[in-house]
Amino acid sequence: MESVRRANQRLRNYPLLVSKCADKATAYAVCVSRDLNVQHKICDAEFKEFLNCIRKSALEMKTKL
């Protein structure tokens with residue numbers, strides 16, 4: 001059950017990863033909530049910045065996503 005333990009640890013790390021990227025998460029949330037009729041890929045740039053921040057933070061923490 002080692003794989004389950006490691007998966008649970010990765011899930012517990014998500015709030016830490018998101019908190020390290022709070023500014024990028026906020027920018028993405030603002031973009032998405034700007035209009036009720038969200039178009040496909042309209043917030044793509046903000047999402048990519050947020051995702052890159054999450055990936056960078058995961059590397060720094062030496063964890064997988």
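The link of cysteine 21 and cysteine 53 is left-handed, with -95° about the S-S bond. This is a predicted model, where local features need pLDDT of at least 70, side-chain atom pairs count only at pLDDT 80 or more, and totals for chains, interfaces and linings use all residues. Residues are numbered from 1 along each chain as its sequence is written, and side-chain values use heavy atoms, with hydrogens and water left out.

Back to that disulfide. The term stands for a pair of cysteine sulfur atoms within 2.5 Å. For cysteine 21 and cysteine 53, S to S is 2.1 Å. The link joins distant parts of the chain, 32 residues apart. Cysteine 21 sits in the loop between helix 1 (2–20) and helix 2 (22–33). Cysteine 53 belongs to helix 3 (residues 44–60). A word on naming: helices (H or I, at least four residues) and strands (E, at least two) are DSSP runs, numbered from the N terminus.

Buried or exposed, these two cysteines? Cysteine 21 is buried, at a relative accessible area of 0%. Cysteine 53 is buried as well, at 16%. The cut-offs: buried is under 20% relative accessible area, exposed is over 50%, partly exposed is in between (1.4 Å probe, protein chains only).

The count of disulfides is two. The other one joins cysteine 31 to cysteine 43, S to S 2.0 Å. Its torsion about the S-S bond is about -90°, so this disulfide is left-handed. Cysteine 31 lies in helix 2 and cysteine 43 in the loop between helix 2 and helix 3, so the pair ties together parts 12 residues apart in sequence. Both cysteine 31 and cysteine 43 are buried. Number the bonded cysteines in sequence order, and the pairing reads 1-4, 2-3.

Now helix 1. How far apart are its end C-alpha atoms? They are 27 Å apart, and its 19 residues should span 27 Å at 1.5 Å a residue, which agrees. That expected span is 1.5 Å times one less than the number of residues. There is a kink, though. It is about 30°, at asparagine 13, shortly before proline 15. The bend at a residue is the angle between axes fitted to the seven residues ending there and the seven starting there.

On to the core. The largest nonpolar core has seven residues: Leu17, Cys21, Ala25, Phe50, Cys53, Ile54 and Ala58. Helix 3 gives the largest share, four residues. By definition, such a core is a set of buried Ala, Val, Leu, Ile, Met, Phe, Trp, Tyr and Cys residues joined through side-chain atoms within 4.5 Å.

Take leucine 17, in helix 1. Leucine 17 is buried, at 1% relative accessible area. Which residues does leucine 17 touch, not counting those up to four places away in sequence? Ile54, Ser57, Ala58, Met61 and Leu65. Contact here means heavy atoms within 4.5 Å.

Serine 57, in helix 3, is buried at 5% relative accessibility. Neighbours within four places in sequence aside, serine 57 contacts Leu17, Lys20 and Cys21.

Last, the rings. There is one aromatic pair. Tyrosine 28 and phenylalanine 47 are tilted, 5.4 Å centre to centre, with 55° between the planes. Rings of Phe, Tyr and Trp (its six-membered ring) pair if their centres lie within 6.5 Å; planes under 30 degrees apart are stacked, over 60 edge-to-face, the rest tilted. Tyrosine 28 is in helix 2, phenylalanine 47 in helix 3, 19 residues apart. Tyrosine 28 is partly exposed, at 27% relative accessibility. Phenylalanine 47 is partly exposed too, at 34%.
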